[in-house]
Amino acid sequence: MRETDQLLERLVGDLEPVPVQGDIRLPAALWLLGSAIWVVALTQLSGPIRPNALEQLQTVPRFAGEIVLGMVALATLAIAAFRSAIPGYLTPGFSRVAFALVAIWAGGYILAIALPSLEPSMLGKRGHCYLETFAYTTPPLLVALWWQRRHYSLAPARSAVMAGLVAGGLSAVYMQIACMYLPLHGLAFHLGPALVVAAVAPLLLSAWNRLANRG
């Protein structure tokens with residue numbers, strides 16, 4: 001037993017802690033910026049935004065704050081999604097902050113049912129805004145999953161959920177500007193599809209892994 005202990009001491013005696021390798025700030029920033037540009041560009045190509053949306057952003061502080069909060073929450077969650085792909089790089093504290101911000105942002109959709117930040121109106125209605133969310137967010141989500149698969153996430157399903165929520169959330173935020181403002185509509189057809197994308201992301205990752213293993 002003593003000889004075994006001595007052997008183990010010799011083996012680990014010269015080992016030193018290895019710092020986490022890789023800087024996710026640049027890939028996370030490029031992905032988030034590229035995804036946002038992608039979503040905005042395709043939304044614009046599919047039709048004009050709500051005619052009075054830009055004026056509302058300038059004159060209604062609460063509405064502008066909701067948009068800014070959504071962007072900050074999704075940016076924080078995007079960093080968490082990329083950090084989660086590298087073991088030891090995502091701290092519990094940062095993860096809690098990211099999800100807390102997203103929860104506060106999402107809670108705004110529920111609060112708006114009782115206390116809307118704008119006068120509810122059908123102005124700017126887009127016929128298939130929920131389908132646009134699914135179509136526009138799939139490519140950014142696939143890019144994020146590809147990046148995560150190249151690393152070694154210890155909780156790949158959680159990482160995929162975060163990436164899916166960011167990808168879907170980007171469209172949800174912009175649809176509040178591009179589409180009509182009706183609180184129940186925003187909750188069901190803007191935020192709702194983003195939550196569906198987040199739920200489907202781990203299934204998509206699992207199917208991708210199975211196909212890769214077969215190959």
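Predicted model: local features only at pLDDT ≥ 70, side-chain atom pairs only at ≥ 80, totals over all residues.
## Nonpolar surface patch

Helices are here DSSP runs of H or I with at least four residues, numbered from the N terminus. The patch covers about 550 Å² of the surface and is formed by Leu131, Phe134, Leu142, Val196, Val200, Leu203 and Leu204.

Valine 200 lies in helix H8, and because its relative accessibility is 42%, valine 200 counts as partly exposed, a class that runs between the 20% limit for buried and the 50% limit for exposed.

## Largest pocket

The largest pocket holds about 260 Å³ of space. Its lining comprises 15 residues, and those closest to the pocket centre are Ala36, Val40, Met71, Leu170 and Val173.

Helix H2 (25-46), helix H4 (61-83) and helix H7 (156-178) each supply at least two residues of this lining, with the largest share, six residues, coming from H2. By class, the lining of the largest pocket consists of 14 nonpolar residues and one polar residue, with no charged residues.

## Second largest pocket

About 200 Å³ of space lies in the second largest pocket, whose lining is made up of 16 residues, with Glu66, Trp105, Gly108, Tyr109 and Gln176 nearest its centre. Two or more lining residues come from each of H4, helix H5 (92-114) and H8, and H5 gives the most, with six residues. The lining of the second largest pocket divides into 11 nonpolar, three polar and two charged residues.

Methods:
Residues numbered from 1 in each chain as written. Heavy atoms only, no water. Patch = residues over 30% accessible without salt bridge, like charges linked within 9 Å, V, L, I, M, F, W, Y side chains within 5 Å. Areas by Shrake-Rupley, 256 points an atom, 1.4 Å probe, with all protein chains shown as cover. Salt bridge = Lys/Arg side-chain N within 4 Å of Asp/Glu carboxyl O. Buried < 20%, exposed > 50% of the residue type's maximum accessible area, 1.4 Å probe, protein only. 1 Å grid on protein atoms, 1.4 Å probe; cavity = no way out; pocket = protein on both sides within 12 Å on 5 of 7 lines; lining within 4 Å. Points joined across faces, edges and corners; volume = space filled by probe spheres on them. Nonpolar A, V, L, I, M, F, W, Y, C, P; charged D, E, K, R; others polar.
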